[in-house]
Amino acid sequence: KVRRVLLKGLSLGLMPFLIYGMGSQPSITTPVPAQIIDDKGKVHQVDTLVCDDKTYFEVNDGSAVLKIPFDKIKKVLINAPKNADYVNITFIFFNGEKKSFQISPDVLCTGSTTFGTLEIYINQIKEIDFNPKKGGGK
């Protein structure tokens with residue numbers, strides 16, 4: 001009986017942590033291809049883009065944290081001021097709406113290409129197009 005009470009207490013005590021963990025990120029099941037233009041103007045095509053091991057951008061919106069899934073975004077415009085501890089980022093959504101935020105320059109984006117893996121920090125990117133035209137590139 002003591003064991004049953006102990007197990008019940010443990011399961012109830014852990015329940016808030018399990019519930020919190022389950023709702024911590026948007027679920028995206030399909031890969032999101034993208035075209036990245038870096039700060040030198042070079043165009044990179046990736047089959048799947050991931051930034052800081054996520055398929056969404058996490059930004060501060062006032063006191064809240066906003067998680068914006070890549071599949072909701074048409075284009076991302078990035079302006080990285082020299083030696084700043086932030087990057088200006090503007091999202092253009094498929095419905096035409098635009099939202100701007102600031103994020104850390106240390107966000108690492110990786111993507112699979114036909115010949116290897118691309119790694120680039122967000123402050124080295126000028127633009128990300130999540131609706132790329134096939135065959136485009138400089």
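User: Which residues touch the most other members of the largest nonpolar core?

Analyst: This is a predicted model, and in the largest nonpolar core, which has 27 residues, the ones that touch the most other members are L49, F57, F91, I122, I128 and F130.

User: And which strands each supply at least two residues of it?

Analyst: Strands β1 (34-38), β3 (48-51), β4 (56-61), β6, β7, β8, β10 (116-121) and β11 (125-129) each supply at least two residues of this core, and the largest share, four residues, comes from β7. As a general matter, nonpolar side chains in soluble globular proteins tend to be buried together.

User: Take I122, then. What is it in contact with, leaving aside neighbours within four places in sequence?

Analyst: With those neighbours left aside, I122 is in contact with F57, I78, V87, I103, S104, P105, V107, C109 and I128. Of these, F57 and I128 are also named with I122 among the residues that touch the most other core members.

User: C109 is on that list; what does C109 form a disulfide with?

Analyst: C109 forms a disulfide with C51, the two sulfur atoms being 2.1 Å apart, and the structure holds one disulfide. The link is right-handed, with 105° about the S-S bond. Because C51 lies in strand β3 and C109 in strand β9 (residues 108-113), the pair ties together parts that are 58 residues apart in sequence.

User: Are those two cysteines buried or exposed?

Analyst: Both C51 and C109 are buried.

User: Switching to the sheet: in what order do the six strands come?

Analyst: The six strands form an open sheet in the order β2-β1-β11-β6-β7-β8, and the pairing is antiparallel. The edge strands are β2 (43-46) and β8, each of which pairs on one side only, while the twist averages 20° from one strand to the next.

User: How many bridges are there between β6 and β7?

Analyst: Strand β6 (residues 73-79) and strand β7 (residues 87-93) pair in the antiparallel sense over six bridges. Within that pairing, I73 stands opposite F93 of β7, and N79 has N88 in β7 as its bridge partner.

User: What about β6 and β11, how many bridges join them?

Analyst: Three bridges join β6 to β11, and these strands likewise run antiparallel. Here V76 stands opposite I128 in β11, and I128 is one of the residues that touch the most other members of the largest nonpolar core.

User: Now β1 and β2. How many residues lie between the strands of that hairpin?

Analyst: The hairpin of β1 and β2 has four residues between the strands, and in this hairpin G41 takes a positive phi near 90°. Four bridges join β1 to β2, which run antiparallel, and Q35 stands opposite Q45 in β2.

User: Last one, K99: where is it found?

Analyst: K99 is found in strand β8, which covers residues 98-103, and β8 is one of the edge strands, pairing on one side only.

User: Why is K99 called partly exposed?

Analyst: The relative accessible area of K99 is 39%, so it counts as partly exposed, a class that runs between under 20% for buried and over 50% for exposed.

User: And what does K99 touch?

Analyst: Not counting residues up to four places away in sequence, K99 touches I89, T90, F91 and F93. Its C-alpha atom is separated by 9.8 Å from that of V76, which is 23 residues apart from K99 along the chain.

Key:
Residues numbered from 1 in each chain as written. Predicted model: local features only at pLDDT ≥ 70, side-chain atom pairs only at ≥ 80, totals over all residues. Heavy atoms only, no water. Buried < 20%, exposed > 50% of the residue type's maximum accessible area, 1.4 Å probe, protein only. Contact = heavy atoms within 4.5 Å. Pairing = 2+ DSSP bridges. Axes fitted to C-alpha atoms, helices over the stretch in contact; angles between N-to-C directions. Core = buried A, V, L, I, M, F, W, Y, C linked by side-chain atoms within 4.5 Å. Disulfide = S-S within 2.5 Å.
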